[in-house]
Amino acid sequence: MDNEFTIDEQPVPFKPGQTILEAAKAAGIYIPHLCFQADFKRHGGCKMCTVLVNGRTQTACTHKAAVGQEVDVNTPELDAMRRSLVQMLFVEGNHFCPGCEKSGACQLQALGYEYEMMSPHFVELYPSRGVDASHPDVLIDFNRCILCELCVRASRDVDGKEVFAVAGRGLDAHLIINSPTGKLVDSAFAVTDRAAEVCPVGAILKKGVGFATAIGDRPYDRESISAEAESCEIPEVR
Amino acid sequence: MLNLETAAAPHRLRRVAIEPVSRVEGHGKVTILLDQENRVHQVRLHIVEFRGFEIFIEGRPYWEVPVAVQRLCGICPVSHLLAATKAMDGIAGFGPLTPTAEKLRRLLHYGQIVQSHALHFFYLASPDLLLGFEDDVARRNIVGVAAAFPELAKQGVLTRKFGQEVIRHIAGKRIHGTGIIPGGVNKALSVEDRDTMRAGVDQIVDWASEAVGLAARLHDTSPDFYTSFGEARANMMALVDARGAPDFYHGGLRARDADGGPIFDHVDTASYQGLLQEDVKPWTYMKFPHIRALGADKGWYRVGPLARMQVGDFLPTPLAEAERQKFLAVGGGKPLHGALMTHWARMVEMLHAAELARELLDDPDIVGTDLMADKGPRRPEAIGVIEAPRGTLFHHYRVGENDLVTYCNLIVSTTNNNQAMNESIRAVASQFLSGREVTEGLLNHIEVAIRAYDPCLSCATHALGEMPLEVSLVDADGALVSTLRKG
């Protein structure tokens, strides 16, 4: 087969133009990610999908698959790096899973379990961040934002509203809201927006839902985050 | 009240500390000031950890609060989950619960009372009661009990496990589950899970009956000692239902004085702030509540098993009521105030909770699927009160129009018992320590009195920013050099 590369020495077909992550998903191979969503513009921000392509690190969500590539996904070194990334995301924000309604449905928490994060490891920064509860239907808890920019892209590219953006750099980077007051209630945001659905953590929440889903029925109670790839379709080129 | 809270000349006295108090939940210490003849001049139970949930819950969305606040505690988190959710039922505007939802909440609560009371009696208290207050400290623990009384220890462990499994079936986890949400519950109980619990509950009722018998026999070994040890004549308060029976989940507030006379009855819990007042003292993080109309000196009260068994008129389950009558007969018509009598009362309650659980497991509504109440207009303020294993628990919240909590006040069971615990340890210190050489075994007498209240010290520390703090600089001869005071 012409359009083929390898992931962990296993042959994987791809369609021309597909990224490594897309081809892997189509083949039912899990590569971890937080800022990727299939119908959004590629971002390469969270670095969780970092793989080795012919020995060099690349983000699988942005790097195009090519004939003959040798891609390493599951190595002890890459897994250790991913665990460190998750730990850094935890300590950069205020992620208190015990009281968070996204527990069991949170991708960051699920990756913590996936990569056997047993402690934060790094010094907790405990940033002073607030909550925007101004909107009648949606609450934003900035404490839990991991700056994946999924809401930014959803609002800009799908909803056509540009409600969200990231301002500042480095540790000062933070999510901002495009409205005269900076509050969500004064923006063009609506609970029916795609941006209300895409947050991988507990930062953008529909109000009043809380803990309506019982323990045992939450997505990651049933299967680990790495099991998501198993339901992918086999690509036509195969 | 014994006048042993503050010594007249503390700098001249020798200080003995029990730190930490062991086999209780949370961190506390006892300080005792003695003179040269070992006479006791001051005894205090201090709560030395600090939690502050009332403050950091402010600014959080109301639906998150019940799950967050139950992290106060690992022994009876269900109490906080239920009390907070009862308040949030009102905040969110929900009307009366569906029969299934209320029964599932009650079953959850009864499971919790079984597991918490079993934990306390078998794991925390029985080493003192079965092995002796002055037994070898290395043996005076649950492992020592298991070695000496293996069948009893097994029953204790399995009784607690049953209660934990009830919690798991309803809340999703044995500790810190999420099953209870504003307006109802988030999951129906499956017939399979119901049948599993039903198959086990008869055994638990039998074992609970045996545990009551054991508590009674322990008393009978030395009746005067049991009835007088750590005696603190206190007012008593509990929730009662419309018939006057103690109700663990819901009811009006009733208080009786130390002689059993009425103070108030069937008072709406929403008016608790008019009824009770909380004071702070500079030497502990735990507040001192009292009945406002009686004042601080005469208005302090006791909550929990010993109060509930004597405030209520009857228990609506037959086995427990029969045992309660035997318990009350010890007092010959007068209320019992000895700290050790709490263990007997606690086991009667464990039997009562097991019987109540059995009734619910036989009720077809328990596997119903109508789980959520109808929603009406929101309310800005609400109060949720339940009878936790250790006593009356108050959760009071105000929530803004944006759904964020603006005010939180918690009066937990152990806080309600603060003065009573202090009085009990002062009574024990006066009776057993004063004038004698202090030994580990004698100091354990103090801890035995504290343990009888089954205090949850971690739940009880909320006096953030309200405590008057005092720092004194004392020279080598004990003379006061300077003092700084805040509050």
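Keep in mind as you go that this is a predicted model.

Domain 1 of chain A puts eleven residues into the contact, and domain 2 of chain A puts in 15 residues. What is the makeup of the side of domain 1 of chain A that touches domain 2 of chain A? Its residues are six nonpolar, three polar and two charged.

Next, stay in chain A and show the strands. You will find an open sheet of five strands with mixed pairing, running in the order 2-1-5-3-4. Select 10-13 and 56-59 to see its edges: strand 2 and strand 4 of chain A each pair on one side only. On average, neighbouring strands in this sheet are turned by 40 degrees against each other, direction ignored.

Zoom in on residues 50-53, which make up strand 3 of chain A. Strand 3 and strand 4 of chain A pair in the antiparallel sense, over four bridges. For one bridge, pick Val53(A) and its partner in strand 4 of chain A, Arg56(A).

Finally, move to chain B and select residues 418-433, helix 15. From first C-alpha to last, the 16 residues of helix 15 of chain B reach 21 Å, close to the 22 Å expected at 1.5 Å a residue. Is helix 15 of chain B mostly covered or mostly uncovered? Mostly covered: 14 of its 16 residues are buried. Your last stop is Gly435(B), which follows helix 15 of chain B and has a positive phi, near 85 degrees.

How values were computed: Residues numbered from 1 in each chain as written. Chains lettered and ligands numbered in written order. Predicted model: local features only at pLDDT ≥ 70, side-chain atom pairs only at ≥ 80, totals over all residues. Contact = placed C-beta atoms within 7 Å. Nonpolar A, V, L, I, M, F, W, Y, C, P; charged D, E, K, R; others polar. Helix = DSSP H or I, 4+ residues; strand = E, 2+ residues; numbered from the N terminus. Expected span 1.5 Å × (residues − 1). Buried ≥ 20, exposed ≤ 12 C-beta atoms within 10 Å, placed from the backbone. Pairing = 2+ DSSP bridges. Axes fitted to C-alpha atoms, helices over the stretch in contact; angles between N-to-C directions.
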